[in-house]
Amino acid sequence: MNDPRIYPLIEVSREQIAKLAGGPVRRIERIDGGLTNTLHKVERHDGKSFAVKHYAAGIDAFGAELATLTLLHGTLPVPDVVYADEKERVIVYRWIEGITLHDLRKTGSHTGFGSLADPLGRLLAWLARTDATEAFELTHILERAYRQLTGGRARERLGAPIADALRKGLEIAEPTLGFGTVCLAHGDLSGRNVIVERAAQDSWRINGVIDWETTSTGSPLVDIGSLFRHADQFDPAWCEAFATGYREADGNLPDNWLVSARLLDATLIIDILDEPREIPGVFAENRKVLARLASELAR
């Protein structure tokens with residue numbers, strides 16, 4: 001059974017979407033994915049395509065994404081905003097052609113997937129140089145995670161062995177979790193939010209990084225941890241190529257960067273598992289991620 005949406009879909013008429021897209025439309029398609037916002041792909045009669053995104057989560061999500069897209073436009077491959085309405089909480093941007101990194105991996109194209117490790121390393125190194133707007137409260141994040149692992153709902157959902165292993169891992173890695181200069185962080189940088197396109201027979205390029213409404217401030221390890229959340233999807237050669245690209249783009253990585261990044265990301269997952277509401281599908285996937293990490297830490 002699928003988990004319920006966090007926010008219900010926003011009903012938008014064809015006439016409203018056509019007006020937002022700036023002209024008569026040939027085709028409108030609601031795009032699935034995520035449990036929060038409502039997204040439509042719109043193809044106009046002139047052949048141009050746009051994404052129309054309504055923010056059910058509220059003004060903060062709308063504002064965070066609009067501010068970030070404005071900041072990063074021309075620097076990183078982010079959506080090109082053509083219209084935004086604060087009152088209606090809607091952003092329209094040019095549709096980014098391609099497929100997600102997640103879908104490319106599922107095709108089994110090992111060479112194609114591998115060709116994106118170096119570029120993604122470089123992209124995250126560039127993002128790590130973007131100035132932060134707020135302080136990064138690592139102490140607060142860790143204190144909350146320790147409470148949740150010791151006596152919270154997260155401990156109940158994980159089970160004592162996994163919770164204890166994660167707490168021990170966080171305590172050991174604590175000196176490296178705040179590594180680097182505090183920077184802008186995407187906040188949800190998964191393979192589903194990276195749009196890629198074939199560049200040549202065996203190589204692909206990054207066409208865009210989408211969904212910036214959870215933008216935050218943090219260590220450069222925040223987005224690295226999010227990218228490698230499902231670490232079993234990346235072989236050692238992929239990780240090495242990623243690190244090479246990151247360092248060649250003047251990014252710095254600590255020793256054991258992958259474990260530290262995944263542990264920092266684990267604090268976000270632990271917080272989700274401490275939610276009062278029941279989201280069985282989300283919880284089951286997140287428990288699997290943390291169980292794998294705890295097993296690796298034990299080894």
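First, the ground rules. Residues are numbered from 1 along each chain as its sequence is written, and side-chain values use heavy atoms, with hydrogens and water left out. Because the model is predicted, local features need pLDDT of at least 70 and side-chain atom pairs count only at pLDDT 80 or more, while totals for chains, interfaces and linings use all residues. Helices (H or I, at least four residues) and strands (E, at least two) are DSSP runs, numbered from the N terminus.

Let's start with helix α1, residues 14–21. Which residues of α1 are buried? They are Ile17, Ala18, Leu20 and Ala21. Buried here means under 20% relative accessible area, exposed means over 50%, and partly exposed is in between (1.4 Å probe, protein chains only). Seen down the axis of α1, the buried residues fall within an arc of 160 degrees, so they line one face of the helix. That arc is taken from the directions from the helix axis to the C-beta atoms. The general rule: an α-helix has 3.6 residues a turn, so residues three or four places apart point the same way. Glu15 and Lys19 are exposed, on the face of α1 turned away from its buried side. Just after α1, glycine 22 has a positive phi of about 85 degrees.

What do the buried residues of α1 pack against? Five strands: β1 (25–31), β2 (38–44), β3 (49–54), β4 (81–85) and β5 (90–94). Contact means heavy atoms within 4.5 Å.

Now take β3. Six of its six residues are buried. In a regular strand the side chains alternate between the two faces of the sheet. Both faces of β3 are covered. Ser49, Ala51 and Lys53 sit on one side, and Phe50, Val52 and His54 on the other.

Next, the partners of β3. Two strands pair if DSSP finds at least two bridges between them. β2 and β3 run antiparallel, joined by six bridges. Glutamate 43 faces serine 49 across that pair.

Two bridges join β6 to β8, residues 194–198. Isoleucine 99 is opposite valine 196 in β8.

Last, two helix pairs. Axes are lines fitted to C-alpha atoms, for helices over the stretch in contact, and angles run from 0 to 180 degrees between N-to-C directions.

Pair one: α5 (117–127) and α10 (236–248) pack at about 40 degrees, with axes 7 Å apart. They are therefore oblique to each other. The cut-offs: under 35 degrees is roughly parallel, over 145 roughly antiparallel, 65 to 115 roughly perpendicular, and the rest oblique. The contact includes Leu120 and Leu124 of α5, and Trp238 and Phe242 of α10.

Pair two: α6 (138–151) and α11 (257–273) pack at about 55 degrees, with axes 10 Å apart. This pair is oblique as well. Among the contact residues are Ile141 and Leu142 of α6, with Leu264 and Ile270 of α11.
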